[in-house]
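Hello,

Here is the structure we talked about. My notes follow below it.

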Amino acid sequence: MAAANPWDPASAPNGAGLVLGHLIASGMVNQEMLNMSKKTASCFVNFTRLQQITNIQAEIYQKNLEIELLKLEKDTADVVHPFFLAQKCHTLQSMNNHLEAVLKEKRSLRQRLLKPMCQENLPIEAVYHRYMVHLLELAVTFIERLETHLETIRNIPHLAANLKKMNQALAKMDILVTETEELAENILKWRKQQNEVSSCIPKILAEESYLYKHDIIMPPLPFSSKVHVQTINAK
């Protein structure tokens with residue numbers, strides 16, 4: 001229970017209250033003067049604010065320190081965090097168990113490694129048989145084309161030279177195609193001329209026969225053969 005204010009006239013009467021009441025009744029002290037006496041001095045208000053600012057700054061410093069600790073914990077979580085440490089311990093334990101098993105079966109493993117692997121069957125579950133068939137087909141195809149692939153890889157450094165040679169070969173092929181076309185045109189012209197000459201030969205023979213019968217000598221035609229010309233001269 002809070003103690004009674006000795007300066008409050010409404011509280012229980014005491015010596016201070018009686019004196020204060022007597023002063024108020026005589027007019028020496030009024031209510032305004034009493035209210036002013038209750039106000040806190042400005043210097044104490046500044047002290048209070050300064051204390052609040054100090055407390056806030058201390059709280060901010062504490063929060064910043066906690067934030068730095070959280071950042072450090074985040075950066076080193078994979079090293080110091082219990083969850084990650086448990087995972088690493090589990091992995092190391094699994095590796096340790098595997099190494100222990102290998103050391104226990106070292107002799108049998110060495111014998112298996114020394115033993116040739118031909119004419120042995122690998123146990124494969126039935127659900128994977130179709131995939132193994134496809135895998136074997138791919139392996140056979142790869143082995144068949146292995147030499148071609150290796151030759152392609154060997155030719156990669158000489159690719160520029162090969163392309164240059166190919167361009168030269170294509171240019172020569174174009175020249176040969178042009179010459180072949182010209183030769184084909186000449187052959188067609190020659191064949192046409194030969195057909196024309198062949199068609200004229202029977203007429204020439206008939207005329208020569210007619211002239212021979214009537215003893216008429218005609219100058220040789222420009223397209224007549226030397227044999228015909230010599231025969232006529234002989235006659």
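**What the model shows**

Glu 181 lies in helix H9, residues 159–213 (helices are DSSP runs of H or I, at least four residues, numbered from the N terminus). This is a predicted model, where local features need pLDDT of at least 70, side-chain atom pairs need 80 or more, and totals for chains, interfaces and linings use all residues. Residues are numbered from 1 along each chain as written, and side-chain values use heavy atoms, without hydrogens or water.

Patch residues have over 30% relative accessible area (Shrake-Rupley, 1.4 Å probe) and no salt bridge (Lys or Arg nitrogen within 4 Å of an Asp or Glu carboxyl oxygen). Like charges are joined within 9 Å, nonpolar side chains within 5 Å.

A nonpolar surface patch covers about 570 Å² and includes Phe 142 and Leu 150. Helices H7 (129–144) and H8 (146–155) each give two or more residues. H8 gives the most, three. Phe 142 sits in H7.

Mean pLDDT (per-residue confidence, 0 to 100) is 76.

Best wishes

Terms used
pLDDT is the predictor's confidence in each residue, from 0 to 100. A salt bridge is a side-chain nitrogen of Lys or Arg within 4 Å of a carboxyl oxygen of Asp or Glu.
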